[in-house]
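The following account is intended for a reader who meets this structure for the first time. Please keep the sequence and the model in view while reading.

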Amino acid sequence: MTEVLNVRDNVTLTSVNVLTGEVKKTKVHNLITKPGEFFLIDALNARANVIPAYTGSVYLAVGTGSVASNYWLGSLTTEVSGIGNPGREKPDSISRSNQTVLISTYFDTTAASGALTEAGLFVTGYDSGGTLRPIGPEVGSGILLSYATFNEVTKDDTNTLTIDWEFNF
Amino acid sequence: MKEDIRNMYDDYVRTYINGELINEGHNDILTLGRNLIADRFKGRANVSGIDTANAFIAVGYGSGTTTAGMETLQAEAPAGSIGRTLIGSTFRPVTGSTLYITAWFYNSGGLGPIREYGLFTTGYDNDEVTIKTCSGIPDAGVLVARSVKDVVTHTSGAGDSLTVEWRITL
């Protein structure tokens with residue numbers, strides 16, 4: 001048998017036009033950041049203060065920026081935010097089937113509007129300097145566990161958006 | 001850069017007797033171990049971590065090839081030989097994604113012609129319902145990873161110690 005274990009993740013964005021019912025899907029791969037790796041090891045180790053990926057302890061954020069992915073990325077380039085247009089939400093469900101964990105997050109018509117090109121999962125964990133960064137609804141809070149970029153997905157108040165984030169261990 | 005990033009666990013096991021490195025080998029993460037890692041990620045109830053309160057390292061005499069579905073060592077050393085012990089320490093460097101795990105068998109522990117090593121903790125069985133509780137009893141718990149190496153003969157003696165160092169790198 002193989003001696004190594006891979007961790008892969010895939011992201012599927014599903015946009016639904018509530019007026020016409022039109023459905024658009026975008027599927028991309030992404031990367032697990034170095035602090036994301038630290039989080040996974042710390043979760044395995046049951047390290048104090050590191051909160052596993054419960055629905056209440058994870059935020060999925062979307063943004064409109066564009067940057068070359070790198071392992072040490074700590075935040076989205078331009079996270080969507082603002083009164084009446086939150087750009088991050090807690091997931092609606094987190095489930096596991098065999099070695100795959102699926103994190104599903106739903107943005108209704110009143111959230112995450114913009115010309116979206118990036119998304120990230122944020123959790124409470126230790127950053128590259130060993131500092132604990134608690135997660136919250138505030139822009140940039142927590143550590144960036146995983147990051148994805150994609151061709152522009154236009155989201156406005158006529159669309160809902162569901163983002164399914166898979167981790168395959 | 002590549003968009004599909006694969007992070008590989010570079011796992012290995014080292015064996016020391018009285019502080020001297022005897023051998024080193026890779027190991028395999030098993031199916032139930034992968035399930036457990038995923039469960040730890042999502043914080044599933046009743047699933048313990050690889051930590052000093054819950055996880056054990058066991059030694060045994062089996063030399064067969066590891067298969068993904070293995071749930072116990074082939075021939076874990078019996079309780080009378082103290083074939084398993086709680087992990088003594090774990091450590092992850094600030095900027096590293098390696099978990100360093102160490103267990104010590106003192107004096108009359110971990111005796112015999114040792115060929116296989118197992119990392120155990122508490123988690124779910126294949127049916128996803130039954131909890132396999134880890135303890136000092138042989139074969140108890142979920143076998144997360146196994147390693148088979150050249151034989152190491154550990155004999156009893158005052159001050160004698162067998163140290164197992166396990167590394168899991170993401």
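**Strand pairing, core and interface**

In this predicted model, strand E2 (residues 12–17) of chain B and strand E3 (residues 20–26) of chain B run antiparallel and are joined by six bridges. One of the residues concerned is Ile17(B), whose bridge partner in E3(B) is Glu20(B). The two strands E2(B) and E3(B) form a hairpin, with two residues between them. In the turn, Asn18(B) has a positive phi of about 50°.

E2(B) also pairs with strand E13 (residues 161–169) of chain B, in the antiparallel sense and over six bridges. Here Val13(B) has Trp166(B) in E13(B) as its bridge partner.

Ile57(B) belongs to the largest nonpolar core, which has 83 residues. The residues with the most contacts inside this core are Ile57(B), Phe120(B), Val144(B), Phe122(A) and Val123(A).

The final topic is the interface between the chains. Contacts are made by 35 residues of chain B with 36 residues of chain A. On the side of chain B that touches chain A, the elements giving two or more residues are strand E1 (7–8), strand E4 (28–29) and helix H1 (31–42) of chain B. H1(B) provides the largest share of that side, eight residues. By class, the side of chain B that touches chain A comprises 13 nonpolar, eleven polar and eleven charged residues.

How values were computed. Residues numbered from 1 in each chain as written. Chains lettered and ligands numbered in written order. Predicted model: local features only at pLDDT ≥ 70, side-chain atom pairs only at ≥ 80, totals over all residues. Contact = placed C-beta atoms within 7 Å. Helix = DSSP H or I, 4+ residues; strand = E, 2+ residues; numbered from the N terminus. Nonpolar A, V, L, I, M, F, W, Y, C, P; charged D, E, K, R; others polar. Pairing = 2+ DSSP bridges. Core = buried A, V, L, I, M, F, W, Y, C linked by C-beta atoms within 7 Å. Buried ≥ 20, exposed ≤ 12 C-beta atoms within 10 Å, placed from the backbone.
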